[in-house]
Amino acid sequence: MATNQQRREAAKRKLERQLVRRAEKARRRRIIGVGATVGVVVVVAGLVVFLVTRNNGDSGTAASATSSPESSSVNIPTQRVTEAARPTPLPNPTTCSYPASTDQQGNKKATAPSGKNIPSTGTVNVTLKTTVGDIPLTLDRALAPCTVNSFVSLINQGFYTDTSCHRLGTEGLQMLQCGDPTGTGMGGPGYTIPDENFAQLTYGRGVLAMAKTSQPNSGGSQFFMVYGDAQLDPDYTVFGSISDAGLQVLDKVARDGVDPASAAQSQDGTGAPKTPVKFTGATIDA
């Protein structure tokens with residue numbers, strides 16, 4: 001007959017396996033999923049402590065560890081990450097492919113841009129106008145010409161206007177994710193863009209990057225703006241940077257926190273920001 005310790009150890013292993021399987025399913029369903037691993041580790045750690053110590057209230061402990069930034073101040077680093085640079089320049093011009101996809105588009109329809117003779121040098125200045133303030137961006141064609149080409153095309157089509165940022169992370173992965181016309185995390189422009197990542201990529205304060213599923217070349221219109229820490233593998237295309245003024249806007253949204261009801265529905269404590277962020281327009285600046 002198993003001892004109490006053996007039963008606790010068996011229960012612990014079973015719960016760990018269940019949580020990992022559940023998180024993997026959620027990761028495949030969500031567009032970015034970059035915070036899922038952090039959420040799973042924290043939840044598993046909370047449950048392990050419960051099983052070992054036999055302390056009640058494990059659900060509350062796990063929730064406070066991952067999804068209650070409102071209960072404590074958000075710690076935001078002030079140091080920008082070193083801007084990315086390709087070790088080897090891309091051909092100029094280059095060619096891009098934008099195959100059709102089955103994204104949910106809501107009432108937004110987009111046309112895929114031409115992929116011929118796309119420049120891979122130079123920058124494009126963009127201003128995202130939002131209900132909480134302007135967020136100026138600098139897009140870098142040398143980093144990701146196909147991504148920049150698509151982003152500029154979507155702005156010119158008015159695709160981002162009246163869409164909202166649906167996902168905020170304040171712990172582990174400090175970013176605001178936007179660009180989904182449905183606001184569910186499952187929407188896109190009706191086409192995909194190629195991955196343009198490389199091994200030397202790092203993520204941190206000031207980085208602008210594309211969201212994607214776990215599948216390669218699955219990005220579309222969703223992107224995320226990193227205002228703080230982001231320990232990620234180099235799987236997400238970096239295509240520009242966020243200005244200091246834009247980071248101040250993001251900092252304010254982050255300090256207001258994640259909506260608790262939304263965070264409770266996620267695997268990693270991310271969710272809709274308490275302060276809604278809606279794009280009222282976007283411009284290509286001269």
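1. The Cys165–Cys178 link is right-handed, with 95° about the S-S bond. The disulfide itself (a pair of cysteine sulfur atoms within 2.5 Å) has an S to S distance of 2.0 Å. It ties together distant parts of the chain, 13 residues apart: Cys165 sits in the loop between helix 4 and strand 3 (167–169), and Cys178 in strand 4 (residues 173–178). For the labels, helices (H or I, at least four residues) and strands (E, at least two) are DSSP runs, numbered from the N terminus.

2. Before you read on: this is a predicted model, where local features need pLDDT of at least 70 and side-chain atom pairs count only at pLDDT 80 or more, while totals for chains, interfaces and linings use all residues. Residues are numbered from 1 along each chain as its sequence is written, and side-chain values use heavy atoms, with hydrogens and water left out.

3. Both Cys165 and Cys178 are buried. Buried here means under 20% relative accessible area, against over 50% for exposed and in between for partly exposed (1.4 Å probe, protein chains only).

4. Now the other bond: Cys96 is joined to Cys146, again by a disulfide, with S to S at 2.0 Å. The torsion about its S-S bond is about -85°, so this disulfide is left-handed. Its two ends are 50 residues apart, with Cys96 in the loop between helix 3 (58–66) and strand 1 (123–130) and Cys146 in helix 4 (residues 145–156).

5. How buried are Cys96 and Cys146? Cys96 has a relative accessible area of 9%, and Cys146 has 5%, so each counts as buried.

6. If you want to check the bookkeeping, a search of the whole structure turns up two disulfides. Counting bonded cysteines along the chain, the pattern is 1-2, 3-4.

7. Back to strand 4, which carries Cys178. Strand 4 pairs with strand 6 in the antiparallel sense, over five bridges; pairing requires DSSP to find at least two bridges between two strands.

8. Last, is strand 6 mostly covered or mostly open? Mostly covered: seven of its eight residues are buried. As background, side chains in a regular strand alternate between the two faces of the sheet.
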